[in-house]
Amino acid sequence: MRELTYREAVRDALSRALRADDRVFLMGEDIAEMGGSMGVTQGLLAEFGPERVRNTPISEMAIVGAGIGAAIQGMRPIVEIMYQDFLPLSMEQIVTQAAKPRTMSGGQLSVPLTIRTQGGAGWSPGAQHAQQLESWFTHVPGLKVVFPSTPEDVRGLLWSSIYDDNPVVFFEHRTLYPLKGAVPDELEPIPLGKARIHREGEDVTVVAIGRLVHEALRAAEEAEQEGISVEVVDPRTLLPLDEEAIVASVRKTTRCVTAHEAVTRGGFGAELAAVIQHGAFDYLDAPIERVGARFTPLPFAPVLEEWCVPHAADVLAAIRRTVGRHGD
């Protein structure tokens with residue numbers, strides 16, 4: 001094992017794929033000399049050259065469209081959308097052109113395209129550079145949607161995404177980039193659609209996504225001091241979703257909290273609640289609690305930004321509600 005940051009783990013997966021396979025190339029705004037807006041692709045241009053690490057014009061539709069064409073022709077492109085707030089500019093390409101050819105061609109065509117993007121609050125970027133839009137894409141048949149929360153998971157899941165024959169929208173959270181974690185020396189692919197149990201517990205399950213996995217783990221430690229045993233489950237892949245693991249956890253604990261940074265209304269927590277209600281209704285001893293951001297464009301002011309998005313205290317409050325211990 002060795003210790004890598006989340007940023008280094010992403011870069012490691014990219015560089016290994018570029019070395020291993022001539023069909024892999026990177027494309028996006030400022031990813032070459034600049035190394036990307038978050039420094040993830042720094043150094044890759046020097047090693048692999050401008051044919052494999054390509055800067056693009058500022059046109060998300062063109063970036064994704066070119067990636068789709070290259071993928072259909074047999075390449076395995078990895079395109080970067082600088083901020084996930086800009087994904088809507090390429091929505092027609094992703095939803096209509098990338099997600100549909102495999103089905104419409106009866107399996108004759110595939111689109112092995114990986115769309116990397118990042119976002120999230122925590123650095124006061126304002127309302128147009130910090131949205132969490134992962135739930136939008138889980139409504140689209142033909143896509144896969146991945147959102148890792150640890151260095152080990154981001155590396156293994158990115159590798160699996162690159163070698164999946166379906167288009168994958170791959171979400172990263174900017175505040176996780178400095179996060180350090182143990183990663184195996186040898187890259188171990190992680191299958192898409194397999195959840196991870198970060199912490200086992202008996203009283204309540206917290207199903208958390210992205211940054212909220214770490215907030216949930218902090219909340220679980222505090223809850224333990226109050227005699228509440230919390231299980232923390234990270235789906236890692238939102239589409240396909242490991243419903244079996246999630247339902248099994250809730251059947252064991254009989255209570256559930258869902259947590260994500262995206263706004264609560266229409267967020268992926270609602271889909272999780274529906275899955276759990278269908279698969280574990282007879283086991284539930286309390287209503288499912290949902291934790292998410294307030295339904296407002298994200299304020300620029302740091303204090304207001306912190307107030308709008310959820311943290312460990314919000315998860316802990318939801319945990320207490322499920323077990324009837326409201327605290328202060």
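User: Hi! Are tyrosine 83 and phenylalanine 86 buried or exposed?
Analyst: Both tyrosine 83 and phenylalanine 86 are buried (buried means under 20% relative accessible area, exposed over 50%, partly exposed in between, with a 1.4 Å probe and protein chains only). This is a predicted model, where local features need pLDDT of at least 70, side-chain atom pairs count only at pLDDT 80 or more, and totals for chains, interfaces and linings use all residues. Residues are numbered from 1 along each chain as its sequence is written, and side-chain values use heavy atoms, leaving out hydrogens and water.

User: Which residues make up the aromatic cluster?
Analyst: Tyr83, Phe86 and Trp123 form one cluster.

User: Why does tryptophan 123 count as partly exposed?
Analyst: Because its relative accessibility is 38%.

User: New topic: how do the axes of helix α8 and helix α12 cross?
Analyst: The axes of α8 (residues 212-225) and α12 (residues 312-323) come within 8 Å and cross at roughly 55°. Axes are lines fitted to C-alpha atoms, for helices over the stretch in contact, and angles run from 0 to 180 degrees between N-to-C directions. Helices (H or I, at least four residues) and strands (E, at least two) are DSSP runs, numbered from the N terminus.

Technical notes
Phe/Tyr/Trp six-rings, centres within 6.5 Å; stacked < 30°, edge-to-face > 60°.
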